[in-house]
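Please keep the viewer open as you read.

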Amino acid sequence: MLTNNPPDYLGGGFFQSYVIQPLLWSMIIYFVWLLSRARALGKLRLHRLLNWLALVCAGFYILFMIIGGLLNGFGKSPYSFTPLWILNNIIFVGTSLAGMEISRAFLINRMSRHRAGLSIVLISLFFTALNLPLGKISVLHTSPDIVQYIGNDVLPAISENVLASYFALLGGPVPALLYRGVIQAFQWFSPFLPDL
């Protein structure tokens, strides 16, 4: 909540994005790690296969994004590719991704002992709500804007979170980190992105 809607006293711009947010995510990683590591429901011997499956799913996601780019065109990435900014973005994306996936695995494996399907749905909706930029909702006034917001932001975020939650349920944070990490790496570190 603080990362999507930061209060004014946390500062703005670079300090808030590249210092405060990584510190907040690092604290979440530390506290969840201290609480305990809930055991995933998947069999231990299948974890390596599950990691490969997560990588394959992320690869298909990127492949479909590239196909969409071939149909609609590509645009230049808005991110800087100087070594300093690449390092800043790795810290920013890495801490938020690790914090989210470690906490997702903890929450879903704590809740899912009796109702795995319900816990996947609830955790997926929770993490979707955390990731959606709430500022966009306040500027939606017409039906086409609302439909475009749902199609561009809400539905893809829900589907990504459902699969990440399923991976976290079966294999803990590692497959979910692999899946979302490859997707985030493509979005943050590719010089050209599909203009969808």
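## Terms and model

A crossing is left-handed if the near helix is turned anticlockwise from the far one by less than a right angle, and right-handed if clockwise. Helices (H or I, at least four residues) and strands (E, at least two) are DSSP runs, numbered from the N terminus.

This is a predicted model, in which local features need pLDDT of at least 70 and side-chain atom pairs count only at pLDDT 80 or more, while totals for chains, interfaces and linings use all residues. Residues are numbered from 1 along each chain as its sequence is written, and side-chain values use heavy atoms, with hydrogens and water left out.

## α3 with α4

Let's start with α3 and α4: α3 passes α4 in a right-handed crossing. Their axes (lines fitted to C-alpha atoms, for helices over the stretch in contact) are 9 Å apart, at an angle of about 150 degrees; angles run from 0 to 180 degrees between N-to-C directions. The two helices are therefore roughly antiparallel, given that angles under 35 degrees count as roughly parallel, over 145 as roughly antiparallel, 65 to 115 as roughly perpendicular and the rest as oblique.

In the contact (heavy atoms within 4.5 Å), Met 100, Ser 103, Arg 104, Leu 107, Ile 108 and Met 111 of α3 meet α4 residues including Ile 120, Phe 126 and Asn 131. By class, this contact has nine nonpolar, three polar and one charged residues. Here Ala, Val, Leu, Ile, Met, Phe, Trp, Tyr, Cys and Pro count as nonpolar, Asp, Glu, Lys and Arg as charged, and the others, Gly among them, as polar.

The crossing of α3 past α7 is right-handed. Among the residues in contact are Phe 92, Met 100 and Arg 104 of α3, along with Arg 180, Gln 184 and Trp 188 of α7. The contact divides into 14 nonpolar, three polar and three charged residues.

For α1 and α3, the axes come within 8 Å and cross at roughly 30 degrees, which makes α1 roughly parallel to α3. α1 passes α3 in a left-handed crossing. Their contact has 16 nonpolar and nine polar residues, with no charged ones.

## The largest pocket

Which residues lie nearest the centre of the largest pocket? They are Asn 131, Pro 133, Ala 157, Gln 184 and Gln 187, out of a lining of 46 residues. Elements giving two or more residues to this lining include α1, α3, α4 and α7, and α6 gives the largest share, 10 residues. The lining divides into 29 nonpolar, 12 polar and five charged residues.

Technical notes:
1 Å grid on protein atoms, 1.4 Å probe; cavity = no way out; pocket = protein on both sides within 12 Å on 5 of 7 lines; lining within 4 Å.
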